[in-house]
Amino acid sequence: MDGNEFVNKLKAENEAILAKIDEPPISSGIPKSELLATLVKMALKNEIEATEIAAEWVSTTPEIHAKLALARHAGDEARHYQLIEEKARAMGISLDGFRPLEPPSLVLNYLRKLTTTPERIAAALVAREAMGGRRNVQFLAFLDRIGQRELAALYRDVINPDEDRHHNSGCAELAELAGSAEIQQAARRAALGLLETGDRVRSNALQSTGAPVIPGC
Ligand SMILES: [Fe+2]
Ligand SMILES: [Fe+2]
């Protein structure tokens, strides 16, 4: 299987796993007050963690195109953080004492263990950005439903198109890098591990917040 065939197969496998996100949550309990603030902080955490890991990898990724993709990714995610933060302040959500990187999520810890470029790209860009994109489609619909027009517009016009772009750039990179069966196997394992970890984090968050949806990165 060449790199392109592999990436197409991996995308289809990932999508089958991610379809779960579109099912209504099993037990979301009663949404707590402060739900919107909680979700916005969750979004900020995801964005800063995506920034952090991409930036950490820039200097340890020798392949020049992958390095550039990660650097651009870090910049975009940093911008998402800043734009959401601006909206949060305008909405009167207090971020005093908010330390989004403490503690790191299971997803960030998982990504930090990946050492090869194909694994990193498969997990952080191909899988995670597909997961984030799918969650954000739901988050956007939720924001529309509750009348949060400004934040919804940010997701519709900037963040969601960016996450799609990240996913697509990851797919193009991985197709270049994953020429052998061995590399493909490692990349597939990394993507699957990311999706499993992300699913655990999502299930916990749905349970603890009573939210009907949670934002991605
Ligand atoms: Fe992203
Ligand atoms: Fe993002």
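Trainee: Where does P103 lie?
Mentor: Bear in mind that this is a predicted model. The peptide bond that joins E102 and P103 is cis, with omega about -10°. As for its place among the helices, P103 lies in the loop between α3 and α4.

Trainee: How are α3 and α6 oriented to each other?
Mentor: Helix α3 covers residues 64–90 and helix α6 residues 149–177; their axes come within 11 Å and cross at roughly 165°. Angles over 145 degrees count as roughly antiparallel. The two helices, α3 and α6, are therefore roughly antiparallel.

Trainee: Which hand does the crossing of α3 and α6 have, and how many charged residues does the contact have?
Mentor: The crossing in which α3 passes α6 is left-handed. On the α3 side the contact includes H65, H73, D76, H80 and K87, and on the α6 side E150, D162, H166 and E173 are among the residues. By class there are eight nonpolar and five polar residues in the contact of α3 with α6, and the charged ones number five.

Trainee: Is A153 buried, exposed or partly exposed, and which is its helix?
Mentor: A residue needs 20 or more other C-beta atoms within 10 Å to be buried, and 12 or fewer to be exposed. A153 has 14, so A153 is partly exposed. The helix in which A153 lies is α6.

Trainee: How far apart in space are A153 and L143?
Mentor: In sequence, A153 and L143 are 10 residues apart. From C-alpha to C-alpha, their separation in space is 9.2 Å.

Trainee: How are α5 and α7 oriented, and how many nonpolar residues are in their contact?
Mentor: Their axes come within 8 Å and cross at roughly 40°, which makes α5 oblique to α7. The crossing is right-handed, and the residues that meet include A122, A123, V126 and A127 in α5 and A187, A190, A191 and L194 in α7. Two residues of the contact of α5 with α7 are polar and two charged, while the nonpolar ones number 13.

Trainee: Which residues of α1 make the contact with α5?
Mentor: The axes of α1 and α5 come within 10 Å and cross at roughly 40°, so α1 and α5 are oblique to each other. The crossing is right-handed, and by class the contact has six nonpolar, one polar and one charged residues. From α5 come V126, A127, A130, M131 and R134; from α1 come L10, N14 and L18.

Notes:
Residues numbered from 1 in each chain as written. Chains lettered and ligands numbered in written order. Predicted model: local features only at pLDDT ≥ 70, side-chain atom pairs only at ≥ 80, totals over all residues. Axes fitted to C-alpha atoms, helices over the stretch in contact; angles between N-to-C directions. Helix = DSSP H or I, 4+ residues; strand = E, 2+ residues; numbered from the N terminus. Parallel < 35°, antiparallel > 145°, perpendicular 65-115°, else oblique. Left-handed = near helix turned anticlockwise from the far one by under 90°. Contact = placed C-beta atoms within 7 Å. Nonpolar A, V, L, I, M, F, W, Y, C, P; charged D, E, K, R; others polar.
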